[in-house]
Amino acid sequence: MNIAVCVKQIPDPATPGELDPETKTLKREGKLILDDSDAYGVEMALQLADAAGGGEVTLISMAPNDEVSGLRTALAMGAAKAVLVSDPVLQGSDALSTAKVIAKAVERAGEMDLVLTATESTDGYTGTVPEQVAELLGWPSLTFAKHIETADGKVKIQRQTEAGFDIVEASLPAVVSVTAGVVEPRYPSFKGIMAAKNKPVDNAKVADLGLSEDEVGWKGARQEITSIEAAPERQAGEKIEDEGDAHERIVAFLEQLKVI
Amino acid sequence: MPLPKVWVYAEGEDGKATSATLELLTKAREIGDTVEAVYSGADADTIAPQLGEYGATKVHSVDHGSSLSGVIGSALLAKLVADEQPDLILFAQSYDGRDAMGRLSVKLDRPVLTNGNGVEVDGDTVAVSTAVFGGNTIVTTAFAGEKPYLAGIRPKSFAPEPSGGGAAEVVKVDSVDAGRAAEAQVLDHHVEEQEGPKLEDADVVVSGGRGLGSAEAYEPLVEELAKVLKGASGASRAIVDAGWVPYSKQVGQTGKTVKPKVYIAIGISGATQHMVGMKGSDNIIAINKDPEAPIFSVSDLGVVGDASKVVPKLIEALKAKT
Ligand SMILES: Cc1cc2nc3c(=O)[nH]c(=O)nc-3n(C[C@H](O)[C@H](O)[C@H](O)COP(=O)(O)OP(=O)(O)OC[C@H]3O[C@@H](n4cnc5c(N)ncnc54)[C@H](O)[C@@H]3O)c2cc1C
Ligand SMILES: Nc1ncnc2c1ncn2[C@@H]1O[C@H](COP(=O)(O)O)[C@@H](O)[C@H]1O
């Protein structure tokens, strides 16, 4: 079974995000890392390929400046190869343009049975890329999976719902978006890290994918940021140290609010 | 000037429209002349009176059968858009809403602005505002392309208010062509038992985080306190990911947004991604042993203390009162 996993390479979330006042996009300076949310997809893909008795896991990523740091992490986990789309004309791309690039990159990667994504990225969290990729490919999408199995040319998932979960099944090929916690991602081994250095990364430009420049980047986004403002701050109130009687203060507060 | 026609992608649950749907209808009335709903489900007739009560004059519907409702919903929307010419379509940022808006954006080749918590119409300009960086910054983005504009809005962004309208007229479409996407079939539903009010609707929400120390502490501290206050219990993502409680309890950016009268955070540090889901609460009480915990920057009453000591005494005291 051949599986493509979409992996986003993002600025380290531990350093707080900032918007560039000039370009009005997220600042992406310095080295990018593998989005944690996508580590679940990579692990899931490796396990599914294993359970199916073979097949390759291919990474798909769109990132600025030919960034490969995050890809290397995922290759070190065990993925076989990657397609990386990096092109200055992609700057400003929205979710739809991103999905167009990813769908084309998946086609470029060869015959796939399954495409895995996270449900939303850590830095952008538009949360629509998986469905958009599926629609572009003309495939079913099974979204918000917390458990996945494949057998007999079909994929079956537990799909998160408001009330619990649904069992959803579709024939392959299909797109599945996975929630955090679907599996426990492995840590790359030393051997894996060494091996990753020589794994193939196929670099593609927008023109190589048969997309026009007008479909991506600022032009393709067809939207304009009109303002960036600080949100109204909430004022902190009283703060007390518990000396064995803090619960009384809480009770008094709840009484004052007429909750009890 | 309002927009001529605003559509709301309606969702239902147990024969009722979801609260997010009613919130969107309320907003749609404010910014649109004509408000209509589009619904993927077999029970359009059942929810039509409620959709009408909140301002929809019509509900366009299709039965999605055992296919995913958002997938079929997007095909219905795509089929109707050319004839009906809506200016703006509002979706709830929900599981099915996301399926529907994502697919529709491709079908129509239109961008979709997601995670909004406000919609503004100013002359010809329609803009969606979104809270980023844990709600510290509000970014407003205007649509620049062709209509219809598509926007995904987080639940609880607007207060639902009935307009007193009569039942919406139901216009059924027999079937739509969703292609291979329709092959995804729902085989079974699993409902996780839940006691008390729903997290999104409760007046009091008690949430626990990693500071509880262990999964075993959740029931006697968080659930018990929620029970005596007739509220709902929630959680930080840290303990959902750790498997202590189900995902349905998660509050925050990737979980639920709650706006109760009182939110009680126990052993929760106050990461921006958590706060974006609870900062809109009327009152916030935080219990955390670290006096520097960020949660105290938004709390009306902050208690610096050990949850395993404070909470049992609090539960005792509250029980003694009732
Ligand atoms: C893309 C993305 C999305 C996310 N979405 C969400 C989301 O939707 N919701 C969410 O909650 N998080 C979300 N997170 C995770 C978030 O960043 C934090 O990691 C998480 O909220 C931390 O949970 P916590 O406060 O329970 O744990 P911690 O941050 O570990 O805090 C535990 C707190 O407990 C206190 N404590 C310890 N012992 C005691 C004691 N005995 N008594 C009292 N207090 C004690 C500590 O002082 C500490 O402040 C997201 C993260 C990312 C990257
Ligand atoms: N630039 C990208 N490169 C690779 N995968 C991506 C990219 N952007 C989004 N994705 C995938 O789509 C998911 C949802 O992204 P988003 O819709 O931006 O929240 C992510 O978690 C990734 O799995």
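A: Happy to. Let's start with a pair of residues that are both hidden from solvent: Arg98(B) is buried, and Glu120(A) is buried as well. Please keep in mind that this is a predicted model. Arg98(B) and Glu120(A) form a salt bridge, with 3.1 Å between the closest N and O atoms. Arg98(B) sits in helix α4 (residues 95-108) of chain B, while Glu120(A) is in the loop between β6 (114-118) and α4 (129-137) of chain A, so this pair joins two chains.

Now look at Arg103(B), whose side chain meets that of Glu135(A) in a salt bridge (2.7 Å, N to O). This pair also crosses between chains, running from helix α4 of chain B to helix α4 of chain A. Arg103(B) and Glu135(A) are both buried.

Arg234(A) forms a salt bridge with Asp300(B), and their closest N and O atoms are 2.8 Å apart. Here Arg234(A) belongs to the loop between β12 (223-230) and β13 (238-241) of chain A, and Asp300(B) to the loop between β16 (283-288) and β17 of chain B, so two chains are joined by this pair too.

Strand β17 (residues 301-304) of chain B holds Gly302(B), which is buried with a relative accessible area of 0%. Among the contacts of Gly302(B) beyond its sequence neighbours are Glu238(A), Lys239(A) and Ile240(A).

Finally, a network of salt bridges links Lys100(A), Glu215(A), Arg222(A) and Asp109(B). Over all chains, the structure holds 28 salt bridges.

Note on methods: Residues are numbered from 1 along each chain as its sequence is written. Chains are lettered from A and ligands numbered from 1 in the order in which they are written. This is a predicted model: local features need pLDDT of at least 70, side-chain atom pairs count only at pLDDT 80 or more; totals for chains, interfaces and linings use all residues. Side-chain values use heavy atoms; hydrogens and water are left out. Helices (H or I, at least four residues) and strands (E, at least two) are DSSP runs, numbered from the N terminus. Buried means under 20% relative accessible area, exposed over 50%, partly exposed in between (1.4 Å probe, protein chains only). Contact means heavy atoms within 4.5 Å. A salt bridge is a side-chain nitrogen of Lys or Arg within 4 Å of a carboxyl oxygen of Asp or Glu. Lists of a residue's contacts leave out its neighbours within four places in sequence.
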